[in-house]
Amino acid sequence: MSIPAPRVRQVIDSHREGGTSDEVHAHAVRAGHRLGHRAGGGAHGRAGRARGVHRLSARTRHRVLRRGAAPVGHGDDAAPGRTGRGPAGHRRSVRRAEGEPGRLLRRRGRRSRRRGRDRPALPDRHRHGDPAAVGRRDVTDAVAEAHRRGWARVLATVVRITRDLDAAEDAVQDAFTAAVERWPAQGVPDDTTAWLTTVARNRALDAMRRERTLARKLPLLMVPTPAEPDEPDGLTDERLRLIFTCCHPALALPSRVALTLRLVCGVPTPDVARLFLVSQPTMAARLTRAKKKIQAAGIPYRVPAAHELPDRLPAVLAVVSLLLTEGHTASRGESLRQPELIRTATELAEVLAELMPDEAEVLGLLATVRLAAARGAGRLDDDGGLVLLSSQDRASWDRGLIADGCELAARAMRRTTPERAGPYALHAAIAAVHSEAPAYEATDWAQIVTLYGLLLRVAPSPVTELARVAAWSHVAGPAAALAEVTALAARPPLAGYHGLPAVRADLLRRLGRNAEAAASYREAAALTANAVERAFLLTQATQLVAE
């Protein structure tokens, strides 16, 4: 029997030696073949006749064309008594039309065989960044670099949404946790700061939605009034806006500076504690109290008005100055400098100068930043070792930056008098005297000692006093300065400061007391957490012992 419908197009496989097939492929249906009448009337097997196709209903013909399979249970390949099974040798039983393909079968060329289990796996491909496999160590380095470069920007963006420092910090930390988990599999994104900002913002928004849901479900809960929208302040740098928030006069000055260094600049709490010469638990408690006070007082997240700037400016300048100090000589680690912190300090100082172009202290801070950057290349030798100012090659200094910094320092001093100058203008003047000297021996040490004296009057500090003694040793001699250093050593703030035994060691070396100098160098090396400084101090001690 055959199918008389001329519209049904199908290829009928003829007998082949060694096997048969009842499949109807899509390419064959599209090729224009038609079902014809069989050449004979027998039920089985002459060459040239239609095999496995019987007279079908319209619904079944439609199913055959759509699914591309011959009716199950008919045709020459269906063994007697095996209704519901495939061809002989097909071990898996199927029920009726179960297992039929759901569409016309496409022409399939040669397909790759399954790989052996002993063959190595192909390398992973990542959706972001470099398609090569990213190792765990590479991801760790990428996360650390993203933290150095993007922490402040990410946190500042999220704080603008949450109005809560703790909530924003939690969201940013969650974002970095997500980076550690996802980047090994997905690859490091091209813009890590944007990726972290998106994740942190989403986490913060999710937390805020949960809080709003809780507030709706607990109507008796006291909910603070929503914060008023920000007024435009003309400042585009989110980091500086956050700095002004952290530097609110409601906080004590040390707390303002410490909180800003921790949150805005991402400086770890142990490093902040070293900058303030206090213990880590003391600094952690100070940071916690400061954040709670900001939250309780409802301090707005904005740049203060013009009449509020004088109250905020000293803390903001202190933050940028300490940021420069930490970037210039890292408190700990394998590198002497932290270029990213220096870059951040430079950017913030420039924004402050745009905001307050006639403020002497702002100009002095920017001058100090410029002069420190100009001499940065001379502080390291070819092997990355520390080079003291007395041994630096001044030809390696950036004379363009030095000229710019000295001009800014002069402008800062012209806007005040030496007796009324602020600490940042005086710091800039000291740096300018060092930078303008053609050689170390030609430095005007008497002027530097005078400037340090003025600085101690407006901003007393044991570290500044130690620096004045070191400069005074070039005027009064190392013996007189050594007595001053001995007196400073009895003061508690300098008890664990590595700079004090380092200055004492230099004075002893100049006096020819090499054994004592070597012992002081080793003491200083034991107190510092910076590997480059430690290596230099130990090298100095070794050389003195060998002489």
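A residue counts as buried when its relative accessible area is under 20%. W195, at 13% relative accessibility, is therefore buried. The model described here is predicted. The protein has 20 helices and two strands, and buried residues make up 41% of its 547 residues. Of the contacts between residues at least 6 apart in sequence, 65% join residues at least 24 apart.

**Aromatic pairs**

- Two aromatic pairs turn up in a search of the whole structure.
- W183 has 1% relative accessibility and so counts as buried, and W195 counts as buried at 13%.
- The rings of Y440 and W445 also pair, with centres 5.4 Å apart and planes at 70 degrees, so this pair is edge-to-face. Both Y440 and W445 are buried.

**Arginines over tryptophan rings**

- R375 has its charged end over the ring of W397, 5.9 Å from the ring centre.
- R468 lies over the face of W472, and the distance to the ring centre is 5.9 Å.
- R375 is among the residues of α12 that contact helix α14, while R468 and W472 are among the residues of α16 that contact α17.

**Helices α16 and α17**

- Two packed helices are described by the angle between their axes and the distance between the axes.
- Helix α16 (residues 462-476) and helix α17 (residues 478-489) have axes that come within 7 Å and cross at roughly 165 degrees.
- An angle over 145 degrees counts as roughly antiparallel, and α16 and α17 are therefore roughly antiparallel to each other.
- The crossing of α16 and α17 is right-handed.
- On the α16 side, the contact is made by E465, L466, R468, V469, W472, S473 and A476. On the α17 side, P478, A480, A481, E484, V485 and L488 take part.

**Helices α12 and α14**

- The axes of α12 and helix α14 (residues 423-436) come within 7 Å and cross at roughly 30 degrees.
- Angles under 35 degrees count as roughly parallel, so α12 and α14 are roughly parallel to each other.
- The crossing of α12 and α14 is left-handed.
- From α12, the contact involves A360, E361, G364, L365, A367, T368, L371 and R375. From α14, the contact involves P423, Y424, A425, H427, A428, A431, A432, H434 and S435.

- R394 lies in the loop between α12 (360-375) and α13 (399-414).
- At 8% relative accessibility, R394 counts as buried.
- Beyond its neighbours within four places in sequence, R394 is in contact with L389, R399, H434, A437, P438, A439, Y440 and T443.
- Among these contacts of R394 are H434 and Y440; H434 is also one of the α14 residues in contact with α12, and Y440 is the ring partner of W445.
- R394 and G378 are 16 residues apart along the chain, and their C-alpha atoms are separated by 7.0 Å.

- Nine of the 11 residues of helix α7 (residues 253-263) are buried, so α7 is largely enclosed by the rest of the structure.
- The buried residues of α7 are S255, R256, V257, A258, L259, T260, L261, R262 and L263.
- D311, in helix α10 (residues 309-328), touches P249 and R256, leaving out residues up to four places away in sequence.
- The C-alpha atoms of D311 and C247 are separated by 9.0 Å, although the two residues are 64 apart along the chain.
- T269 is found in helix α8 (residues 269-276) and counts as buried at 15% relative accessibility.
- Not counting residues up to four places away in sequence, T269 touches R262, Q280, M283, A284 and L287. R262 is one of the buried residues of α7.

Note on methods: Residues numbered from 1 in each chain as written. Predicted model: local features only at pLDDT ≥ 70, side-chain atom pairs only at ≥ 80, totals over all residues. Heavy atoms only, no water. Buried < 20%, exposed > 50% of the residue type's maximum accessible area, 1.4 Å probe, protein only. Helix = DSSP H or I, 4+ residues; strand = E, 2+ residues; numbered from the N terminus. Contact = heavy atoms within 4.5 Å. Phe/Tyr/Trp six-rings, centres within 6.5 Å; stacked < 30°, edge-to-face > 60°. Lys NZ or Arg CZ within 6 Å of the ring centre and 35° of its normal. Axes fitted to C-alpha atoms, helices over the stretch in contact; angles between N-to-C directions. Parallel < 35°, antiparallel > 145°, perpendicular 65-115°, else oblique. Left-handed = near helix turned anticlockwise from the far one by under 90°.
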